[in-house]
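Hi there,

Here is the structure I promised to pass on to you. Please open it next to this email, and then read on for what turned up in it.

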Amino acid sequence: MRCLGIETSCDETALAVVEDGRLLGDVMASQADLHDIFGGVVPELASREHLRLLGPLLDQLLARLGLVPADIDIVAVARGPGLLGSLLVGVAFAKAISIGTGIPMLGVDHLHGHLLATGLEHRLDFPALGLLASGGHTHIYRMETPWTMQVLGRTLDDAAGEAFDKVAKLLGLPYPGGAHLDALARNGVPDPTCFPRPYLDNDTLDFSFSGLKTAVASHIQEHGADWPRPATLDNAPEALRNCCASFNLAVVDTLCAKVARALARHPDISTVILAGGVAANSLLRQRMAELSPKVRLLVPSPPLCTDNGAMIAYAGWLLGREGFFHDPDMEAIPRGRRIPEDMRQAPLQANASVGDPFPADAPGPAADPAPETAT
Ligand code: KG4
Ligand code: ZN
């Protein structure tokens, strides 16, 4: 079974094809440079870019793979959460392909796509605990199956990635700032007492990162008068690098503490999945790996952590092989609205080739997960 995945939930226009659980190929056009001018994503510009790029990118991907639309068995699209205008462009595109060709369509929860992406590189085990830390969300999930997930905790204000981006902006780093801040942090020495570990003094699995951002703002006011702007790896003074390292450690300590708490409450779980853009963070990857010898940690390679088409194609393939699909009136769901459970299920044809859903650990996806970038 071949699934075409479409991702337009924010500022990446990305498409990929997954066949029987393996990535055949993907393309992506990043809008990061465009939005960097404004210091954050401008929703109207993002929608227009998706509209401009989706058609040519699909042509490019299919031509590269030697496929025509009729070779696709199911079209999966990120239906939310995300920016409504951006989602609508991707969903309308998927519906057009589906209606024009008769291929079934499936809307994928973008967050579930992040969590399942690691299945392109590792065998998935269930039940699993999922930490999804991205630019818009920080959720802890109990994952029973690829399509049954329960949110155990969530951020009450800023997402972890949002905290990275806002602090990076305060520090004069380019947008999106997480990866830049991570790089500076690697070249600094953290002070564990410099910033608080927010929202740990309770018994919940929720997060709150907005106070941490305020603590960094006060620290900058006190110490950062002569720090260069824009800051780069080359010109960052030691105190700035140390500030990045201390902030980075505070976020990572907090995420790890809540995951450890969740594991203690779910002793039947021995698999932890780390996902979302913040999962690319080097210290988080290292610290989560040290969490417990009893835990099997699954982390996608860094290009699969941030938004990409492969994760939607893979999640679509996992669901499509179970016969799940959506009707053409499926809605795009913006951030803040619950994704409805409105998938329908049809029996698969007896001779359908669907592939093994959870093959043994593979050395890596069929194609390089680093997507081809066209700007
Ligand atoms: O999952 P993603 O690509 O998009 C959303 O769905 O939000 O996540 C993007 C977020 C941004 O906030 C970005 O700054 C953060 O992930 N990020 C990182 C790193 N790489 C990306 N945060 C910390 N360390 C990184 N290495
Ligand atoms: Zn995302």
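Let's begin with a term: a residue is called buried if its relative accessible area is under 20%, exposed if over 50%, and partly exposed in between, using a 1.4 Å probe and protein chains only. By that rule Asp158 is buried, with a relative accessible area of 7%.

Some housekeeping next. This is a predicted model, in which local features need pLDDT of at least 70 and side-chain atom pairs count only at pLDDT 80 or more, while totals for chains, interfaces and linings use all residues. Residues are numbered from 1 along each chain as its sequence is written, chains are lettered from A and ligands numbered from 1 in the order in which they are written, and side-chain values use heavy atoms, leaving out hydrogens and water.

**The salt bridges**

Asp158 takes part in a salt bridge with Lys166, at 3.2 Å from N to O. (A salt bridge here is a side-chain nitrogen of Lys or Arg within 4 Å of a carboxyl oxygen of Asp or Glu.) Lys166 is partly exposed, with a relative accessible area of 31%. Through shared partners, salt bridges join Asp158, Glu162, Lys166, Lys213 and Arg335 into one network.

How many salt bridges are found in the whole structure? The search gives 18. Among them is the pair Arg48 and Glu44, whose closest N and O atoms are 2.8 Å apart. Both residues lie in helix α2 (residues 43-65), four residues apart, or about one turn of the helix. (Helices are DSSP runs of H or I with at least four residues, strands are runs of E with at least two, and both are numbered from the N terminus.) An α-helix has 3.6 residues a turn, so residues three or four places apart point the same way. Arg48 is exposed at 53%, and Glu44 is partly exposed at 46%.

Another salt bridge links Glu144 to Arg142, with the closest N and O atoms 2.4 Å apart. Here Glu144 is partly exposed at 35% relative accessibility, whereas Arg142 is buried at 11%.

**The zinc site**

Which residues coordinate the zinc ion (ligand 2)? They are His110 (NE2), His114 (NE2) and Asp307 (OD), at 2.0 to 2.1 Å. (Donors are N, O and S atoms within 2.8 Å of the metal, or 3.2 Å for Na, K and Ca; water is not among the atoms, so sites may look incomplete.) Along the chain, the donors follow the spacing H-x3-H-x192-D. His110 in helix α4 (residues 110-116) and Asp307 in the loop between α10 (302-305) and α11 (309-320) are 197 residues apart, so this pair links distant parts of the chain. His110 is buried at 6% relative accessibility, and Asp307 is buried at 15%.

**Buried residues and their neighbours**

Ile273 lies in strand β9 (residues 271-275) and is buried, at 0% relative accessibility. Leaving aside residues up to four places away in sequence, Ile273 touches several others, including Leu115, Leu131, Met143 and Leu298. (Contact means heavy atoms within 4.5 Å.)

Ser246, in helix α8, is buried too, at 2%.

Helix α6 (residues 178-186) has Gly178, Leu181, Asp182, Ala183, Leu184 and Ala185 as its buried residues. These pack against α5 (160-170), α8 and α9.

**Backbone details**

Most residues other than glycine have a negative phi, and most peptide bonds are trans. Where are the cis bonds to look at? One peptide bond, from Phe126 to Pro127, is cis, with omega near 0°, and Pro127 is in the loop between α4 and β6 (128-133). Another cis bond joins Tyr175 and Pro176, with omega about -10°; Pro176 lies in the loop between α5 and α6.

Asp20 has a positive phi, near 45°, and sits in the loop between β2 (12-19) and β3 (22-30).

Happy exploring!
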